[in-house]
Amino acid sequence: MSDTFGKGHHLHLIDGSAYIFRAYHALPPLTRKSDGLPVGAVAGFCNILFRYLNGNKGADAPTHVAVIFDHSSKTFRNDIYPEYKANRPELPEDLRPQFPLTRDATRAFNIACIETEGYEADDIIATLSCRARDAGGRVTIISSDKDLMQLVGDGVGMLDPMKNKLIGPDEVFEKFGVAPNRVVDVQSLAGDSVDNVPGAPGIGIKTAALLIQEYGDLESLLERAGEIKQPKRRESLINNADLIRISKRLVQLDCDTPLEDSFDSMAVNPPEAEELLKFLTEMEFRTLTKRVADSLKVEAPTPPAVVEDKPDLPFDHAKYENVSTADALGKWIDRIYARGYVAVDTETTSLDEMRADLVGISLCVEAGQACYIPLGHKQGGGDLFGSSELSDGQMPMGEALEMLRPMLCDASILKIGQNMKYDAKIFACQGVEVTPIDDTMLMSSALNAGLHNHGMDTLADKYLGHTPIPIKSLLGSGKSQITFDLVPVDEAVKYAAEDADITLRLWQLFKPQLHRKSVTTVYETLERPLVPVLAKMEMTGIQVDRDTLSRMSNTFAQKMGALEAEIQTLAGRSFNVGSPKQLGEILFDEMGLQGGKKGKTGAYATGADVLEDLATEHELPGKVLDWRQLAKLKSTYTDALQDHINPETGRVHTSYSLVGAVTGRLSSTDPNLQNIPVRSEEGRRIREAFVAPKGRVMVSLDYSQIELRILAHIAEIPALKQAFKDGIDIHAMTASEMFGVPVEGMDPMVRRQAKAINFGVIYGISGFGLARNLRIPRGEAQGFIDRYFERFPGIREYMDATTQFAKDNGYVQTLFGRRIHTPEINAKGPAAGFAKRAAINAPIQGTAADIIRRAMVRMPDATRDLDAKMLLQVHDELIFEVAEDAVDPLIKIAREIMEGAALPAVHLSVPITVDAGQGANWAEAH
DNA sequence: GGGCTCACG
DNA sequence: GACGTACGTGAGCCCG
């Protein structure tokens, strides 16, 4: 570093990271209009720089200046003490993509911009201060960070930009009670709860200063700690000497940070008008652009008429790039780092992530500019089973993944996907953990639940006016369907890159809408953080015992055969028992039973309720019911589940959808593990096949009556709330209130009726529905409902208020702000009835769904020290697989998390309680 | 591929 | 005055 810097020169060192955070928190969220890029912090940062430059015209003006940034949150201090700064709140998502832009801004203002991997901005500031002072120059550090005060003195000063106040040795003494050269000693003793510097327990800045004043410096103090008179201080210092020394290494700034930058490169130069205005215009900061132009005495460039024509940018498949070399991929990775975000999509051979092979990756950084990296395409036209020869012109998969890995794992690069859980699992199978992520499907669900589904085709059509290339056109359909690895590369480029392009455009559209529609918190706390949690659960899977299922299938088949013979004897001829159409004809036409009703297709209804009624008159319907139960158990469960056992893991891996249900509930597919039988004894035994491996235990925790508790809270029903607080049987209490009978020795029938009413209320009760459910006359059911509303008037108010809210706003919401749209609420006819009941139910079901989601998000961290895996979620139940000796702590911790999951966002006025069970299999645990 | 039936919360 | 109704899901089967 050969430099002309020296005597008479004055260096300003600006703490850039502090400026960014100040700008971010001081300003409301601001996004660039054309594409929704968050730019609030960049705007504030530019304003600060502009004011700084304008204020620097006096005699004391700097000759040199640099802005210093933190490179990343990981520094050498984490190697010394892993907990250092560990309790920092997570970076706000809309701040992350702004970091690279603040560097751009600094350079646009023609100011040097410095950061170094592994070091904090403070270390760079320390190093430059020392070097500048040693060269004979003067330094002013522009920051209010107390951690920098150790540098003050001997030609180095500080300026607090907030208060515009100079900080010299006197001010430092005022703050720390010692001279600047002893500040580190005081900080080492006092610790810092914000940065998680431990220090000595029970010793604060005041005490530390007294001790240092008395003993001179930290080492002397520690050596002579035994002389301290106060027993508490003495003990604390003696017992924590190591911790204090570690603290010293944490707070001591490093004056030997490796730096290439010369002082000459920091010489003050006025901004290049053209460059600066170009940047500000690109950021679409109109006011600032004008003010800067005025101050530079040049014409402000006319803002480009970008705003409206961007969404109409056509989809040009010819523009998509086929990336087949390391050079080309490197250029894309550079572009991604310059942007700070990228839309990513993977192409594979299967929708089942656990069995899928990666075929290619597409990337998009800007609308219309996307690429596809083919990796596993095979030569078509081979033998019958397809050739295993890779086609030419593809990068080796390993090389491409190793190039992409740092970017995919980089905390400062946001990876955007449509249904990112799928792609994250594909990458996870390749050993790459993709983080952080954004998901357009989940954004749409937070914004548009109830209006439409959230698949890419729907979103592209609705929001971009574009119909993507149908996958069928590449793969075909039915028996001749091929897998993506056999698609020719040039066709794959168009299809795959288009998906990434669409995803990026949707993200640009949705991101600013989250704020505008007040669902940022929903997205950030209930949707996005669940992606890695569910991905982990799905990849873990649950062990299922094939022999148990197979034995049950055989038993069912035998019983069905016997029943079938009996049924056909009773019917007088053979027919397909599994055909509702044929059964209807047997029952109502041939056997002449009464009460046959035809549905819209002209077939007789033969549902369980119909057959149950007929069973009193004839033997056959009851046998059909028995047969149907067995047929269901066999085909849907004992047979089908065996096909879902993954041959490699021996476990069943379901797939959860975060957007399957409008209320916010999860749904489960391939297989659905949320409807495994439990209500019938015969069905429940299927759960015996879901087992914990040897030495481990299945644990189930489920919320008790959570929806009724939420109803009691939302509708403010004092009697219900009190009953939950007292822990008494809620259905018995309801019956007692309604029918005036004591809870003690209650007729089970009466309790059953009250229970049906309680559930009916949650569903948007009607006399008809209750009558059918309880099999009582409609008038009687209506009487129950009237009495219920009389006893609990808050319920009627809740129903009316919710319906009205839906009519006024077009949506209803949960206690956590999740919105469920109700577009049919103002419709005429039966649709209005459906919409009304759905509107009444959605806030209750949805709030329960939000609560368990919050619990699931917190669970991995809360149970990280336990040998326990979360396997399944069944709406109000979580199932874990736990090492034997971890069962009790797991139950304790998981229960705490579940019962407190609403906090601190919502304080429920009823207690939430969780029941726990354990055993060798799911049947025992439940 | 729509409709019916039935498994779950 | 008639209509048609419990809320939210997914899967397997029949049948056109």
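A quick note before we start. This is a predicted model, so to speak of local features we need pLDDT of at least 70, and side-chain atom pairs count only at pLDDT 80 or more, while totals for chains, interfaces and linings use all residues. Residues are numbered from 1 along each chain as its sequence is written, chains are lettered from A and ligands numbered from 1 in the order in which they are written, and side-chain values use heavy atoms, with hydrogens and water left out.

**Exercise 1. Get an overview of chain A.**

Step 1: count the elements. There are 38 helices and 22 strands; these are DSSP runs numbered from the N terminus, helices being H or I with at least four residues and strands E with at least two.

Step 2: box it up. Along the principal axes, the C-alpha atoms fill roughly 115 × 75 × 55 Å.

Step 3: check burial. Of the 926 residues, 51% count as buried (buried is under 20% relative accessible area, exposed over 50%, partly exposed in between, with a 1.4 Å probe and protein chains only).

**Exercise 2. Look at the annotated palm span.**

Step 1: find it. An unreviewed UniProt entry puts "domain: DNA-directed DNA polymerase family A palm" on residues 683-886; positions follow the numbering used here, feature names are shortened, and annotations may be inferred rather than shown by experiment.

Step 2: describe it. The span is 57% helix and 13% strand, and its end C-alpha atoms lie 30 Å apart.

**Exercise 3. Work through two aromatic pairs.**

Step 1: set the rule. Rings of Phe, Tyr and Trp (its six-membered ring) pair if their centres lie within 6.5 Å; planes under 30 degrees apart are stacked, over 60 edge-to-face and the rest tilted. That gives 14 aromatic pairs.

Step 2: take F690 and W922. Their ring centres are 5.3 Å apart and the planes meet at 75°, so call this pair edge-to-face. F690 sits in the loop between α28 (681-684) and β17 (696-703), and W922 in helix α38 (residues 922-925), so the pair ties together parts 232 residues apart in sequence. Both F690 and W922 are buried.

Step 3: now F739 and F784. With centres 5.3 Å apart and planes at 70°, this pair is edge-to-face. F739 belongs to helix α31 (residues 730-739) and F784 to helix α34 (residues 778-791), so parts 45 residues apart in sequence get tied together. F739 is partly exposed because its relative accessible area is 22%, whereas F784, at 7%, counts as buried.
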